[in-house]
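Let's walk through this one together, starting at the ligand and then moving on to a pair of helices. Have the 3D view open as you read.

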Amino acid sequence: MAGAMKPLSPSLPKLRRSTESTRRFGTTSKALPSSILGCVGNTPLVTLNQIRTREDITVLGKLEMQNPGGSIKDRTAVSLLKNGIRAGLIKPGTRIVESSSGNLGIGLAQACRQLGLALTIVVDSRTSSKVVKLVKLYGATIEVVRETRDGESLLDARLRRVRELADSSPDVYWVNQYQNPANPAAHHATIGEIIRETRGQFDRIYVATSTCGTLAGCREYLNKRALYPHLEAVDATGSAIFQSKDKANLTKRHLPGHGSSRQSDFLKTDYVDGVTHVSDRECVEGCHFLLQQEGILAGGSSGGVISAFRRDEPYLESGTTVVLLLCDRGERYLDTINDEEWVEATLTSN
Ligand SMILES: Cc1ncc(COP(=O)(O)O)c(C=O)c1O
């Protein structure tokens, strides 16, 4: 069970659809995914008629929580690993390391378990006990950073520890979601699916931001296809991504997922058409509204995206089609967003 890694195969399994299943079940049946990792992506795009207050607009939700590990970060995890394997940087015996406060840790833990790779996730004292349990359950090692040096954020301290681990042995590989181009590249498929399903007929898309891998990947791919919908970044109040660190540090953030204490290495000035900052309370309200209206239990950044859309809704042109990226599941937030006492005790000031 948890903790015990399966013996490493001499070569890593292929991350693609199985031809064996086609042989066995015939050419008329679609090839079955060769593993759980083949189930990452191709998430549903659903109509959200009940969160809109106007009938002259269309609202679509991309259910990224339907990825097998529960979030959009499954795509990033598979892309980072696939890239490292292709480049010969990840081999049988390699230990993967990464800093994560949640979803990427779970996505990597799932993928590394399936591939037979060892994994260390560096988290900090704010990471929820549920995330820690899940990552451990998949068999990964967790290191918790509790102390910072002068002027360091907890994220800086996590990254310092990851660098130490990566430098400690040639068999340790840092996938580096903050700088690895395989992070944005993962989302060429995310936006590609949306383009395919809407035939490119959408006018606005709302994307929550942290590393900005999702946002940059979507924009790069849209530019390549000469499609220019309005791309609205949804960031946390108190985040440093789109504002100076001094200003950003004024507010403490309580919800993981979106927001960051550092700026993104992927972002170019013309990548976004607008930025909406959402408070933790607006994220909670957005989650509750989505659940009540549509029966979709989603996480904090999805709630932020819903609130950002609702702020803009009265001003949208008639006939507008809006896409909302709903990044993770709500079960992870039973003790926070979905716990009235926690909300009242924790989010009193914002
Ligand atoms: C729930 C959720 N929403 C949004 C994001 C932001 O994604 P990105 O790092 O691609 O900007 C993350 C990142 O971890 C996330 O977990």
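Which helices each supply at least two residues of the shell around the ligand? They are H3 and helix H7 (213-224), where helices are DSSP runs of H or I with at least four residues, numbered from the N terminus. Before going further, keep in mind that this is a predicted model: local features need pLDDT of at least 70, side-chain atom pairs count only at pLDDT 80 or more, and totals for chains, interfaces and linings use all residues. Residue numbers start from 1 along each chain as its sequence is written.

Back to the ligand: 19 residues surround it, and the closest are Thr 211, Thr 214, Gly 257, Ser 301 and Cys 327 (a residue is near if its C-beta atom, placed from the backbone, lies within 6 Å). H7 gives the most to this shell, with 3 residues. Domain 1 (41-68 + 181-346) and domain 2 (73-174) each provide at least three residues of the shell, with bounds from an automatic or database domain assignment.

Now follow H3 (residues 103-115) to its meeting with H2 (residues 73-86): their axes come within 8 Å and cross at roughly 50°. Axes here are lines fitted to C-alpha atoms, for helices over the stretch in contact, and angles run from 0 to 180 degrees between N-to-C directions. Among the contacting residues are Ala 77 and Leu 81 in H2, and Leu 104 and Leu 108 in H3, contact being C-beta atoms, placed from the backbone, within 7 Å.

Note on methods
Contact = placed C-beta atoms within 7 Å.
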